Amino acid sequence: MTEKNEKTHKTIEQAEQEGKYIRKVRSFVKREGRLTNNQERAINDHWQTMGLNHSDGVIDAPTLFANENPVVLEIGFGMGKSLVEMAKAAPELNFIGIEVHKPGVGACISSAVEESVSNLKVYEHDAIEILADCIPDDTLTTVQLFFPDPWHKKKHHKRRIVSAEFVETIRQKLKVGGVFHMATDWENYAECMLEDMQSAPCYNNLSESNDYVPRPDSRPLTKFENRGQNLGHGVWDLQFAKKA
């Protein structure tokens, strides 16, 4: 059956048109751990108020949050500790988080409830599809991408989420003056991010030295990052604003 399908379907598009499921390369590996009781309870009890569904389509942030506050989008928030901390520290902003791993989503919702954070909504879905199908153009004040999977082996670099196409997608979603903020602890990835951003149209590097920026106070220092710094490991932050 497999051999026949491979001979018959010349392209992914042809296969999909015929209703065949084709596995696509994504920017993440879905390592789905088991939900703790607390994480599962948080999702069950609070998804109605904090959860967003890809199937619901394009969102309207003022309606969603019942205010006109600026919107910050974080892609890949892990267990959500830093995202909840940022949302709590900035009640004048609205936060949307995207994470593909369900335990992380549950942990984030649980932390938000514990901290009485009400300016945060989350997706459990692939970020590329959320950007394409749910986030309107010219609506975001900030997009955050902190410590994405570096795919450090050279043969896997093509799997990295940051690419010329991705950078352009982010630009479309940002308001004029909106900032794309990235951080990584892999120097090679930082160099590739910088190269992609510098060659992308309609972005302005906020770095005074035209490369990296110091970690802003708005990005919490994680336990992992602090441990790495103590061992002499570097972290690189990049901030680029959308031009008119």
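Which residue in β3 is the bridge partner of Glu74? I began my notebook with this question, and I kept in mind that the model is predicted.

**Entry 1: strand β2 and its neighbours**

I looked up Glu74 and found that its bridge partner in β3 is Gly97. The chain gets from β2 to β3 by way of helix α5, residues 81–89, and I noted that this β-α-β crossover is right-handed. Strand β3 covers residues 94–99, and it pairs with β2 in the parallel sense over five bridges.

I then looked for β5, which spans residues 140–146 and pairs with β2 in the parallel sense over three bridges. Here the bridge partner of Glu74 is Gln144.

Next I asked how many of the five residues of β2 are buried. I found that five of the five, residues 71–75, are buried, and I wrote down that the strand is mostly covered. In a regular strand the side chains alternate between the two faces of the sheet.

**Entry 2**

Between β5 and β6, which run parallel, I noted six bridges. Val143 has Phe180 in β6 standing opposite.

**Entry 3: the nonpolar cores**

Which residues have the most contacts inside the largest nonpolar core? I recorded Ile75, Val162, Phe166, Ile170, Phe180 and Tyr203, in a core of 34 residues. Helix α9, residues 187–199, gives the most to this core, with four residues. Apart from it I found another core, this one of 21 residues, and Trp47, Phe77, Ala87 and Ile109 are among them. In soluble globular proteins, nonpolar side chains tend to be buried together.

I went back to Ile75 and listed its contacts, leaving aside residues up to four places away in sequence; among them are Ile98, Ala127, Leu131, Val143, Phe166 and Ile170.

**Entry 4: helix α8**

I turned to helix α8, residues 164–173, where Phe166, Val167, Ile170, Arg171 and Lys173 are buried. These residues cover an arc of only 165 degrees around the axis, and so they lie on the same side of α8. On the other side of the helix, I found Ala164 and Glu165 exposed. An α-helix has 3.6 residues a turn, so residues three or four places apart point the same way.

**Entry 5: aromatic pairs**

How many aromatic pairs does a search of the whole structure find? The search finds two. In one of them, Phe166 and Phe180 are edge-to-face, at 6.1 Å centre to centre and with 65 degrees between the planes. This pair links distant parts of the chain, since Phe166 is in helix α8 and Phe180 in strand β6 (residues 174–184), 14 residues apart. Phe166 has a relative accessible area of 4% and is therefore buried, and Phe180, at 0%, is buried too.

For Tyr203 and Phe240, the ring centres are 6.4 Å apart and the planes stand at 90 degrees, so I noted this pair as edge-to-face. Because Tyr203 lies in strand β7 (residues 203–205) and Phe240 in strand β8 (residues 236–242), the pair ties together parts that are 37 residues apart in sequence. Tyr203 counts as buried at 7% relative accessibility, and Phe240 is buried at 2%.

**Entry 6: two single residues**

Is Gln39, in relative accessibility, buried or exposed? I found a value of 9%, so Gln39 counts as buried. Gln39 lies in helix α3, residues 37–50. Not counting residues up to four places away in sequence, Gln39 touches Arg34, Met79, Pro103, Gly106 and Ala107.

With a relative accessible area of 23%, Arg159 is partly exposed, because the cut-off for buried is under 20%. I also noted that the C-alpha atoms of Arg159 and Asp149 are separated by 9.0 Å, with the two residues 10 apart along the chain.

Definitions and conventions: Residues are numbered from 1 along each chain as its sequence is written. This is a predicted model: local features need pLDDT of at least 70, side-chain atom pairs count only at pLDDT 80 or more; totals for chains, interfaces and linings use all residues. Side-chain values use heavy atoms; hydrogens and water are left out. Buried means under 20% relative accessible area, exposed over 50%, partly exposed in between (1.4 Å probe, protein chains only). Two strands pair if DSSP finds at least two bridges between them. A crossover is right-handed if, with the strands pointing away from the viewer, the path from the first strand over the helix to the second runs clockwise. The arc is that of the directions from the helix axis to the C-beta atoms. Contact means heavy atoms within 4.5 Å. A nonpolar core is a set of buried Ala, Val, Leu, Ile, Met, Phe, Trp, Tyr and Cys residues joined through side-chain atoms within 4.5 Å. Rings of Phe, Tyr and Trp (its six-membered ring) pair if their centres lie within 6.5 Å; planes under 30 degrees apart count as stacked, over 60 as edge-to-face and the rest as tilted.
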